[in-house]
Amino acid sequence: MAIQDSNFLGRGWSFPPSFELQSGTVDLVSGDADIQQSLHVLFSTMPGERTMLPLFGCNLRQYLFEAAGPALFARIRKQMETAVLYYEPRITILDIAIAPAGPIDGQLNVTLTYLIRQTNTRSNMVYPFYLQGEGTNVRRIP
């Protein structure tokens, strides 16, 4: 069951930012969509990238090119829990499950199960984390 008026959870710009051409306004999101987009921004931002909030972010890029396994999963889980603890007060993390997307994909699917504190509602999201940082547009140069 969806909450009809969830503006009290917060409202912010959609991510990535988009604009309404007719009215000239910014598209906004609220409720759980706002929380999920905020989490995506938090996990995708390296500490130091935001000038006014230099500690904001989650240092997941340090794990690029590492072998997927229980030790790596534990370090990723700890990084994400700490980032949420400091920068997303609207939720409490209940579980973080990490699993490879495929045997050679180089992608981990990180499933967050969390509780929205204000509404006592359980929700989840999947954050894709890519262990391989190289580009995919490779072509042969003659």
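**Exercise 1.** Determine how strand E6 is joined to strand E7.

*Solution.* Step 1: the strands E6 and E7 (residues 121-130) run antiparallel and are joined by 10 bridges. Strands (E, at least two residues) are DSSP runs, numbered from the N terminus, and two strands pair if DSSP finds at least two bridges between them. Step 2: as an example, Val110 stands opposite Tyr127 in E7. Step 3: E6 and E7 form a hairpin with 4 residues between them, and Asn120 in the turn has a positive phi of about 55°.

This is a predicted model: local features need pLDDT of at least 70, side-chain atom pairs count only at pLDDT 80 or more, and totals for chains, interfaces and linings use all residues. Residues are numbered from 1 along each chain as its sequence is written, and side-chain values use heavy atoms, with hydrogens and water left out.

**Exercise 2.** Identify the pairing of E6 with strand E5.

*Solution.* Step 1: E5 (residues 91-100) is antiparallel to E6, with 9 bridges between them. Step 2: Ile96 has Leu112 in E6 as its bridge partner.

**Exercise 3.** Is Thr113 buried or exposed?

*Solution.* Step 1: Thr113 lies in strand E6. Step 2: buried means under 20% relative accessible area, exposed over 50%, partly exposed in between (1.4 Å probe, protein chains only). Step 3: Thr113 has a relative accessible area of 17%, so Thr113 is buried. Step 4: in E6 (residues 107-116), 7 of the 10 residues are buried.
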